[in-house]
Amino acid sequence: MSKTMEQTVDHMMGFFKTKTITAALDLKIFDYFNDQAQTVESLATKSLLPPAALERLLIALVAMEYLKKDGENYILPQEHKDFLVSDKPQWLGWLGRHIDTFLYPLWSNLSSGIQQDSHQRVAAFGDNRSWFDMLYHNLDDVADFQEFLGKFAQPFIDGFTSEYDFSKHKRFLDIGSGIGTLPIAVADKFTDIELAICELPQAKSFLLDKLGEQGYGNRIDVIEGNVITGELPDIEYDLVHLGWMLHDYSHETQMVILNNIFQAMPVGGRFIASETPLNDDNTGPEFTSLLSLNMLVSTDGGIESDIKTYIKRFEDAGFSNVRILDIPGPRTLFVGEKI
Ligand SMILES: C[S@@+](CC[C@H](N)C(=O)[O-])C[C@H]1O[C@@H](n2cnc3c(N)ncnc32)[C@H](O)[C@@H]1O
């Protein structure tokens, strides 16, 4: 078999690995290893799983290097506990559940999605509500989505808050903030700036609970709204951010969003969008290109764009001095001013 053929087979069989790790997280197998090594028998007794099937899973987890084996004992290395054990802050089980519940069934219909140039929510779930209406129907699903996105966003937020001087602004509005990771990081670093979030009504109660639990309930204002219908806060914010949301919507809806933000902003205000754009020659990056397929099967026309397309959209909406702000981390910051 040639190297490229091997790579193709590897891509095709990749779902074996996806489902092995999401099943292990779903069954909370790793939680039993928090304090001690386990044998198949001890784990089967604690987890109430049939030993023969459990052993197959454990062998696969060793082969995939999540667990180690020493004699009859299976061991979870310390460095894996942080993201595999369910009470740890970096737990990836949120993402696992989102994959199992939504992404995997939607991606099963990818070829139809391409043939029809359309989402596959009806084919996968018999559900024709919008992506966010469907996703936010159930509180557990809201938590899965927002928790893992908050973790995905962290490296970008670390770079953004270390490089950008938020103190030169009076009021900061984060539209579609999710779990509020960015305003929380800004609050920790910049004491004087007023902070607010505008989120969809269905995402609000989860967000309020999370902010309250972490002690930010009074520091960060949460305003229910919808940037597509133009329901934005009355207060004027001289800094507005929109993170990883343009790509959830079609080219046309992205223009509506940008026009609405431009209208709502005061003269002198600055707008920043963080996205993960395609290369200008449409050669990748791989993750963004796959994310664009993910948007195809899940959302109503959501699509990834390249840098020049984002810049043009900003300019068409009326923003001036549109440029890219260099920050460390995985996202690209598009900046525009209202003059
Ligand atoms: C993909 S998440 C991004 C979360 C976070 N901003 C980030 O950068 O990781 C998109 C967020 O936008 C919110 N959202 C989607 N449509 C919206 C709309 N029309 N108005 C306001 N918020 C919206 C969703 O509830 C969700 O929290």
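Phe319 sits in the loop that runs between helix 15 (307–317) and strand 8 (320–325), where helices (H or I, at least four residues) and strands (E, at least two) are DSSP runs numbered from the N terminus. The model is predicted, and local features need pLDDT of at least 70, side-chain atom pairs count only at pLDDT 80 or more, and totals for chains, interfaces and linings use all residues. Residues are numbered from 1 along each chain as its sequence is written, and side-chain values use heavy atoms, with hydrogens and water left out.

With a relative accessible area of 4%, Phe319 is buried; buried means under 20% relative accessible area, exposed over 50%, and partly exposed in between (1.4 Å probe, protein chains only). Not counting residues up to four places away in sequence, Phe319 touches Leu258, Ile261, Phe262, Met265, Phe271, Phe314, Gly336, Glu337 and Lys338, a contact being heavy atoms within 4.5 Å. Phe319 is also 9.3 Å from Asn259, C-alpha to C-alpha, although the two are 60 residues apart in sequence.

**The ligand site**

The ligand is surrounded by 19 residues, of which the closest are Tyr136, Gly176, Glu199, Tyr249 and Arg331; a residue is counted here if one of its heavy atoms lies within 4 Å of the molecule. By class, this shell holds ten nonpolar, six polar and three charged residues, with Ala, Val, Leu, Ile, Met, Phe, Trp, Tyr, Cys and Pro counted as nonpolar, Asp, Glu, Lys and Arg as charged, and the others, Gly among them, as polar. Helix 10 (residues 139–163) supplies three residues, the largest share of the shell.

| Side chain | Ligand atom | Distance |
|---|---|---|
| Gln146 | oxygen | 3.2 Å |
| Glu199 | oxygen | 2.6 Å |
| Arg331 | oxygen | 2.8 Å |

Taken alone, the ligand exposes 600 Å², and the protein buries 96% of that area, as calculated by the Shrake-Rupley method with a 1.4 Å probe.

Helix 14 (residues 286–298) contains 13 residues and reaches 18 Å from its first C-alpha to its last, close to the 18 Å expected at 1.5 Å a residue; the expected span is 1.5 Å times one less than the number of residues. Its buried residues are Thr288, Leu291, Ser292, Asn294, Met295, Leu296, Val297 and Ser298, and their cover includes helix 6 (93–107), helix 7 (110–116), helix 8 (121–125) and helix 9 (131–135). Pro285 lies in the loop between strand 7 (270–275) and helix 14, and a cis peptide bond, with omega about -5°, joins Gly284 to Pro285.

His247, in the loop between strand 6 (239–243) and helix 13 (251–264), counts as buried because its relative accessibility is 2%. Leaving aside neighbours within four places in sequence, the residues in contact with His247 are Gln254, Glu275, Leu291, Met295, Gly302, Ile303, Glu304 and Tyr310.

**Positive phi values**

Trp244 is likewise placed in the loop between strand 6 and helix 13, and has phi near 50°, a positive value in a residue other than glycine. At 13% relative accessibility, Trp244 counts as buried. Leu48, found in the loop between helix 3 (40–47) and helix 4 (51–63), has a positive phi near 60°, and its relative accessibility of 75% is why Leu48 counts as exposed.

Technical notes:
Polar contact = N/O pair within 3.5 Å; in protein donor to acceptor, adjacent residues only side chain to side chain.
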